[in-house]
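Here's a quick briefing to read alongside the picture.

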Amino acid sequence: MIPTAARLTIDLDALAANYRVLCEIVGGVEAAPVVKADGYGLGAALVAGRLWREGARRFFVARLSEGVALRTALGPDRQAVIYVLDGYVSGAGPALIGANLTPVLSSLDQVRRAEMWAKSLGFKPIVALQVDTGMNRQGLTPQDLTDLVREPEPLASFDLQLVMSHLGSAPQPADPRSAEQLTKFRPLRDLFPEIPASLAASAGIFLGGDYHFDLVRPGISLFGGGPEERPDPRLKAVATFEAPICDIRSVEAGETIGYGPETVLAKPTRLAVIAAGYADGLLRLSKGKAFAWFKGALRPIVSVTMDLTSVDIGDTPAAPGEWVEVMGNNAHIDLLAAAARSVAHECLVRISARADRVIVGEA
Ligand SMILES: *Cc1c(COP(=O)(O)O)cnc(C)c1O
C-alpha cells in the first residue's frame with residue numbers, strides 16, 4: 001500500500017544520547033529536563049520516562065496541568081521532583097499537594113499568596129524561587145527578592161529548595177547580555193548560600209561552567225536543537241518528520257505554484273508534492289527558504305499549503321510513496337526553524353496529531 005500520511009518518528013535512544021552529551025558537558029552538575037508543552041510536542045510521559053531511566057530525577061513543566069499529568073504518568077514508583085514554572089497560580093494549592101508538585105514562585109504577589117496557602121497547610125511546602133535578571137518576563141525583581149530576604153516572615157513558611165533565573169540571549173554567545181545576567185544573578189543566589197541555584201537552559205549549558213551552578217535545565221538540546229540555533233554534531237535528531245510523495249509534476253517557467261501569484265517559477269521545475277502541510281505542523285513561512293532531504297540531497301521547499309507541500313526535486317527519479325524528510329538528521333530542525341524565522345522549539349511543538357507517530361528505541 002502506498003503511504004498517504006506524514007509520519008513523525010521519535011527516537012528515544014537519540015534522546016538518551018543527547019541527555020548523556022549534556023550531562024558530560026556539565027560534569028557533575030545535575031541536568032533536570034524541561035518537558036513542558038507535552039515534552040516539546042513529543043509526549044512528556046514518553047520523554048520523561050526514558051530520561052528517568054537515564055538518571056534524571058527532576059523535571060520542569062510550565063503549567064500546573066502538565067505537572068499533574070506528568071506525576072500520573074511517572075506513577076508512585078518514580079518519585080521525581082516536578083517543578084511548575086507557572087508557580088503558585090490561583091487555586092493551585094490542592095493540585096500542588098495532591099500531585100506533589102513544586103511551584104517556582106515568580107512574583108512578589110505569588111509569594112504572598114503562596115505564603116497564606118503554606119500557613120494553612122501546617123507544614124512547609126517545597127518551593128523554588130525565580131528571579132528576573134534581565135529577561136523581563138517572569139521572576140521576582142532583584143529588588144523584590146532582596147526585600148523579601150530582609151523580611152523574615154514570608155520565606156520562613158516555605159521549604160525553599162532552588163533559586164533560579166533564566167537567560168534571554170544564551171543562543172547568541174557574542175551578546176553581552178548573558179554575562180550581564182550572570183553578574184546580576186550571582187549576588188542574588190548568594191542571598192541563599194545553602195540553597196542550590198540554576199541559571200542555564202540548553203543554550204546556557206554551552207556558555208561554559210560559570211553558567212552551570214548546581215542544576216541546568218535543558219529542553220531543546222535534548223531533542224537535537226543546537227546551542228546557537230545551528231546544528232551541533234554532538235546532538236542527534238530525536239524527531240524525524242517525513243512525508244510520502246503523492247504526485248510528481250513538471251511545471252513550465254513562468255507558471256505559479258499553489259495559492260496566489262507570489263511563487264512564480266523562474267525555470268522549468270519538477271516538483272514532488274508531498275503529504276504534509278501546515279496542518280501537520282510545517283511552518284508556512286519556510287516556503288522558498290527551507291530544504292527537504294530526498295535521495296541524498298537537500299531540495300528547496302517551494303510551497304507549503306494546509307495539506308500539501310511542493311519540493312523541487314530536479315531530475316532525480318522519484319515515485320509516489322517514496323519518503324521525503326522535512327525534519328531530521330538531514331533536514332536539520334535549526335535550519336528549518338531559521339528558514340521560517342522561528343526557533344527549533346516552535347518547529348517541534350507545532351507538529352500536529354494528524355501525522356502518524358512511530359516510536360523507536362527503548363522506552
Ligand atoms: C523553556 C525553559 C527552559 C528550557 O529552554 P530550552 O531553550 O528549551 O533549553 C528552561 N528554563 C525555563 C525557565 C524555561 O522557560
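**Salt bridges and cavities**

E151 counts as partly exposed, at 32% relative accessibility (buried means under 20% relative accessible area, exposed over 50%, partly exposed in between, with a 1.4 Å probe and protein chains only). This is a predicted model, where local features need pLDDT of at least 70, side-chain atom pairs count only at pLDDT 80 or more, and totals for chains, interfaces and linings use all residues. Residues are numbered from 1 along each chain as its sequence is written, and side-chain values use heavy atoms, with hydrogens and water left out.

**Salt bridges**

- The whole structure has 23 salt bridges (a side-chain nitrogen of Lys or Arg within 4 Å of a carboxyl oxygen of Asp or Glu).
- E151 pairs up with R112 in a salt bridge, at 3.4 Å from N to O.
- R112 is also partly exposed, at 32% relative accessibility.
- K119 and E115 make another salt bridge, with their closest N and O atoms 3.0 Å apart.
- E115 is buried, at a relative accessible area of 11%.
- K287 bridges to E262, and here the closest N and O atoms are 3.3 Å apart.
- Buried or exposed? K287 is buried, at 18% relative accessible area, while E262 is exposed, at 55%.

**Lining of the largest cavity**

- Two nonpolar, five polar and two charged residues line the largest cavity (Ala, Val, Leu, Ile, Met, Phe, Trp, Tyr, Cys and Pro count as nonpolar, Asp, Glu, Lys and Arg as charged, and the others, Gly among them, as polar).
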